[in-house]
Amino acid sequence: MRALVVEKLLPDYGGCVVKDIPTPEPGPGQVRIRVRAAAVNFPDLMQTRGEHQHKPEIPFVGGMELAGDVDALGEGVTGFAIGDAVCSGGRGGFAEYAILPAATLRKKPAKLSYGEAAGYPVAYLTAYVALNRVANVQPGEWVLVHGAAGGVGLAAVDYAKLLGAKVIAASASDDKLAIIEKEYDVDATVNVTRGFRERVKELTGGRGADVIYDPVGGDVFDESIRCIAFGGRILSIGFTSGRLPTLPVNIALIKGFSVHGVRAGEYGRQFPDKGRENNEAIWKLAEEGKVRPRVDHEYPLTEWREAFETLAQRKVVGKTIIRPDL
């Protein structure tokens, strides 16, 4: 089978190569999937350089979200049949075939395409845990979503509106914000390159945002603490800006706000029962068609570098998908 293999950890994806490797056979409790779509995430890019906290043993095949068809069943697997359309989080999506534990698979919701299903779980699980479990967003609250054009940010925009919040979508691109305004029912948009503190206060009647969802960090976090409402919640999702911000605790003291770190996967590991509830909840939303995941573009496996660059250069609105079957 063809696969994108990380053979060395180097800058500029220098250790990555598309090559033929043996097609794996499923072991007991495992399923082999014919991959139809795999989502590209920032951790995938970081792992090619050894910069992510999870460091797979070299060589490895990346791709932590995928969707496809069941191709072979290992011993003892029940509940799935050859040809079933499935999706999963795991590893190995940047290849024509992937082996995953049957316990990690879900039937693909009929309302989602393969690309939408591949790009769904990480982004929407993060949004669900952050906005529901951690921030407990209430109808009518103002939610400022940074990085709103990215997969994780756009999922937060989508889910916050479903919760009945008033959403301000923030991005560094007017073109991306125009797409979000057209396709999603946001209440306002703001370009962070021109500053957003005063605009957020104006929109919220001087009070500030009740919840700020921040996958960016850096300067964006620094300005966010100036427009958070008293008693508000800042959700630290990640640091795509490349700079880890620091919090002047005197400002938190005066304004009475809290900062919460959100790792949706770790939340589920710490609270297994809630973790299972979280996953059931997001997939039910997808099955009922209540959410709108967005695929920006799909690339064949041979164009993996172009796919990676859409994230590295912040060109994507929603999710970028690699299609090994093309």
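Start at the second largest pocket, which has a volume of about 180 Å³. A pocket here is an open set of points on a 1 Å grid over the protein atoms alone, with protein on both sides within 12 Å along at least five of seven lines; volume is the space filled by probe spheres set on the points, which are joined across faces, edges and corners. The model is predicted: local features need pLDDT of at least 70 and side-chain atom pairs pLDDT 80 or more, while totals for chains, interfaces and linings use all residues. Numbering runs from 1 along each chain as its sequence is written, and side-chain values use heavy atoms, without hydrogens and water.

Select Met1, Ile21, Pro24, Val61, Arg91, Gly92, Ala95, Tyr97, Ala98 and Ile99: they line this pocket (an atom within 4 Å of a point). Now colour strand S7 (residues 97–101), which gives the most to that lining, three residues. Strands are DSSP E runs of at least two residues, and helices are H or I runs of at least four, numbered from the N terminus.

Next, the cavities, where a 1.4 Å probe fits but cannot get out. The whole structure has two of 30 Å³ or more.

Last stop: the second largest cavity, about 60 Å³. Select Leu4, Val6, Asp44, Gln47, Thr48, Phe60, Gly62, Phe94 and Phe308 to show its lining. Strand S1 (2–6) and helix H1 (42–47) each supply two or more of these residues.
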